[in-house]
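Dear colleague,

Please find the structure below, together with its sequence. A short account of the findings follows it.

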Amino acid sequence: MHAKMSPDNLYLRFFSFSHVAAEREARRICREPGPDHAALLAVLDGEVVGCGSYECAGDGSRSAEAALAVADDMHSRGVGTLLLEHLISLARSRGSAPSPRRR
């Protein structure tokens, strides 16, 4: 998926036009999941069309950084939104993310 991304999409996702950044990201998200990080793929007809991951901050705040990438031809179809929703659900089930604040 990263190899097919437009230069603009690569730059917006990795702040670089280099495919090295995309390769490094692919290795990072493909590592074994742990209690402080996880990654999910969105697959359509056997092809990866999106990926999302989170990394806990590690400062005891229960905050995390999320990263998303969506194939150029799948933008504005809700892929990123679904990935983010599933990442939040996964993090919460692992105790890695705060529950929504109640008023």
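The notes below cover the salt bridges and then a surface patch.

This is a predicted model, in which local features need pLDDT of at least 70 and side-chain atom pairs count only at pLDDT 80 or more, while totals for chains, interfaces and linings use all residues. Residues are numbered from 1 along each chain as its sequence is written, and side-chain values use heavy atoms, without hydrogens and water.

Two salt bridges (a side-chain nitrogen of Lys or Arg within 4 Å of a carboxyl oxygen of Asp or Glu) are found in the whole structure. In one, the closest N and O atoms of E55 and R28 are 2.5 Å apart. E55 belongs to strand β2 (residues 47-56) and R28 to helix α2 (residues 19-29), so this pair ties together parts 27 residues apart in sequence; helices (H or I, at least four residues) and strands (E, at least two) are DSSP runs numbered from the N terminus.

E55 also forms a salt bridge with R31, at 2.7 Å between the closest N and O atoms. E55 is partly exposed at 23% relative accessibility, as is R28 at 26%; the term lies between buried (under 20% relative accessible area) and exposed (over 50%), with a 1.4 Å probe and protein chains only.

On the surface, L68, L84 and I88 form a nonpolar patch with about 200 Å² of accessible area together. Patch residues have over 30% relative accessible area and no salt bridge, with like charges joined within 9 Å and nonpolar side chains (Val, Leu, Ile, Met, Phe, Trp, Tyr) within 5 Å; areas come from the Shrake-Rupley method with a 1.4 Å probe, and for residues only the protein chains shown count as cover. I88 lies in helix α3 (residues 79-93).

Kind regards
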